Amino acid sequence: MSATAVTCQIVTLPTGQACGAPAAGRIVWPDRTRTAACADCALSMSLKAQAAGSDIVGVEPLDRDWPVGTKNNPSKFAGYDKAAVDEPMFTLLARDPLAPALVRMWAAQMWQQGEKIEKVTEARGIADAMEAWKKEHPSTRCYLDWAGKEPAGG
Ligand SMILES: [Zn+2]
């Protein structure tokens, strides 16, 4: 733990000042910015956001960096927020045994098509993180899980 205590930065009414209580975590807003918050403020902001119809992305611990490409730390290249309302999409989760290979195939193909290195590198990193996550969560099953076996050649 840091010697400097992180305090809640949520502005409270009617004072208009930051709450100042010891922060329990960081709120991750839909625009990916973060604000330190105590547990009470994190809950009230989450409820307010839900009532307004745009939920916050999540609350993350102060001492943890989330891998890129997760719910708490979406990639800046993630397509979800860019999608047209009628645009079909398909999400791959780390629990899907096909996901890392499919993401790497996408990265290789996009690299050949001239996609920028930053985006391709991040996709490969997400594929690596998917494999790491799957190892850390072996009991998380997918509808298609190779009957518990690793894919051939994997
Ligand atoms: Zn607070």
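Mentor: Let's start with a word we'll need: a residue counts as buried when its relative accessible area is under 20%. Keep in mind, too, that we're looking at a predicted model.

Trainee: Okay, let me try it on A42. Is A42 buried or exposed?

Mentor: The cut-off is under 20%. A42 has 10% relative accessibility, so A42 counts as buried. You'll find A42 in helix α1.

Trainee: Which residues does A42 touch, leaving out those up to four places away in sequence?

Mentor: A42 touches I27, A37 and V59. Take I27: A42 and I27 are 15 residues apart in sequence, and their C-alpha atoms are 6.6 Å apart in space.

Trainee: How do I check the length of a helix like α1?

Mentor: Work out a span at 1.5 Å a residue, then look at the end C-alpha atoms. Helix α1 covers residues 39-51, which is 13 residues, so the span should be 18 Å. Its end C-alpha atoms are 18 Å apart, and that agrees.

Trainee: Which residues of α1 are buried?

Mentor: They are C41, A42, M45, S46 and A49. Look down the axis of α1 and these buried residues fall within an arc of 135°, so they line one face of the helix.

Trainee: What covers them?

Mentor: Among the elements covering the buried residues of α1 are β1 (11-12), β3 (25-28), β4 (34-37) and β5 (58-60).

Trainee: And which exposed residues sit on the face of α1 turned away from the buried side?

Mentor: That face carries A39, D40, L43, K48 and A51, which are exposed. Just after α1, have a look at G53 as well: G53 takes a positive phi of about 85°.

Trainee: Now the metal. Which protein atoms are the donors of the zinc ion?

Mentor: The SG atoms of C8, C19, C38 and C41 are the donors, and they lie 2.3 to 2.4 Å from the zinc ion. Along the chain, the donors follow the spacing C-x10-C-x18-C-x2-C. C8 is in the segment before β1, while C38 is in the loop between β4 and α1, so this pair ties together parts that are 30 residues apart in sequence.

Trainee: Are C8 and C38 buried or exposed?

Mentor: C8 is buried, with a relative accessible area of 0%. C38 is buried as well, at 9%.

Trainee: What is the geometry of the zinc site?

Mentor: Start with the general idea: ideal angles for four tetrahedral donors at a metal are 109.5 degrees. Here the angles among the four donor atoms are 102 to 116°, and the site of the zinc ion is tetrahedral.

Trainee: Can we try a residue in a loop? Where is N73?

Mentor: N73 lies in the loop between β5 and α2 (99-112). Leaving out residues up to four places away in sequence, N73 touches R34, W66, P67 and V68.

Notes: Residues numbered from 1 in each chain as written. Predicted model: local features only at pLDDT ≥ 70, side-chain atom pairs only at ≥ 80, totals over all residues. Heavy atoms only, no water. Helix = DSSP H or I, 4+ residues; strand = E, 2+ residues; numbered from the N terminus. Expected span 1.5 Å × (residues − 1). Buried < 20%, exposed > 50% of the residue type's maximum accessible area, 1.4 Å probe, protein only. Arc of directions from axis to C-beta. Contact = heavy atoms within 4.5 Å. Donors = N, O, S within 2.8 Å, 3.2 Å for Na, K, Ca; no water. Tetrahedral: all angles 85-135°; square planar, octahedral: opposite > 155°, others 65-115°.
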